[in-house]
Amino acid sequence: MASTRERRISKELSDLQNDPNSGVSAHPVDNSLLHLKGIFPGPPDTPYAGGNFQVDILIPENYPFKSPVMKFDTKIWHPNVSSVTGAICLDTLGTGWSPVGTIKMALISLRMLLESPNPKDPQDAEVAKMMLEQPEAFAQKAHEWAVKYAGAPRRDTPVHNYQKVAPPPPRADDPARYQGYNKDLIDRFVHMGFDLDAVVEAFNYVGIDRNGGEDYVLEEAYMGDITARLLGEQ
C-alpha cells in the first residue's frame, strides 16, 4: 500500500502532467515516487536560453513538512548553484519552505533563479564574484556551459541584463509596504526570488485575506494563483 507521502507525490506528478503551461516537468526514477528527475528549459533572454536543465529530486521521509532535496544534474555556471556538485542555494528549499509547497512550485522557483541570479547570497563564490565584477565574462561563460552541458544553441553575444554595479545598501523593511499582510506570509514568496511589492500586488489581485496581520498557511490553490500572477500568467 502506498504511503501518504507517495500518494501526495503521485497527485503532484499527475497535476504537473496536466499543466504543460507550467514550463516544468518531473518523472520518477526506476518507478520510485521518492526519487524524481525534474526538467525545465532555460528562460528566454538569459545566457541559459534554449538549454534543458535536469534536477535530481529526493523526497525526505517527513515531506511535505520538509522540503525536497534538489541538486542540478546538468552542470551550470550560476552564482546560486555549485559549479562542482550542483548544490543549490535557495530559501524555498530551506527555511522558506512551506508544507503547502509542491514539486512544481520548487521547480518554477529554480527556473526563476536562472532568470534572476542572486550573487549577494551565493552557493559558488567564484561565480558570484565574476558576475558582480565582470558581468560580460560571466554571461559568456554561463552561455558556454549552457551550450556544452544543456544543449543550448550557440549565440555570438549571449542576451543578458547584468551590470557591474556596487551592491545597494540593505533597505530597512517598511511595514507600510506589506499593506496589512503578515511579513512572514509575504516573505515566503520574496524568498522564492519575487519582488516584495509584486508579491503584495499579487496578494491583492487574488484577494488574499489579511487575517488581521497574523500569519497563517495559505491553501495550495491560492499559492498557485499567486505564483501564476507573479509569473505573468494571469
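Modeller: Phe 203 is buried, since its relative accessible area is 0%; buried means under 20%, exposed over 50% and partly exposed in between, with a 1.4 Å probe and protein chains only. This is a predicted model, in which local features need pLDDT of at least 70 and side-chain atom pairs count only at pLDDT 80 or more, while totals for chains, interfaces and linings use all residues. Residues are numbered from 1 along each chain as its sequence is written, and side-chain values use heavy atoms, with hydrogens and water left out.

Colleague: How many aromatic pairs does the model contain?

Modeller: Rings of Phe, Tyr and Trp (its six-membered ring) pair if their centres lie within 6.5 Å; planes under 30 degrees apart count as stacked, over 60 as edge-to-face and the rest as tilted. By this rule the count is eight.

Colleague: Which class describes the pair Phe 40 and Phe 72?

Modeller: Phe 40 is buried at 1% relative accessibility, and Phe 72 is buried at 4%. Their ring centres are 6.1 Å apart and their planes stand at 80 degrees, so the pair is edge-to-face.

Colleague: Which residues form one aromatic cluster?

Modeller: Phe 40 and Phe 72 both belong to this cluster.

Colleague: How far from the ring centre of Tyr 205 is the charged end of Arg 229?

Modeller: A charge sits over a ring if NZ of Lys or CZ of Arg is within 6 Å of the ring centre and within 35 degrees of the ring normal. The charged end of Arg 229 sits over the Tyr 205 ring, and its distance from the centre is 3.7 Å.
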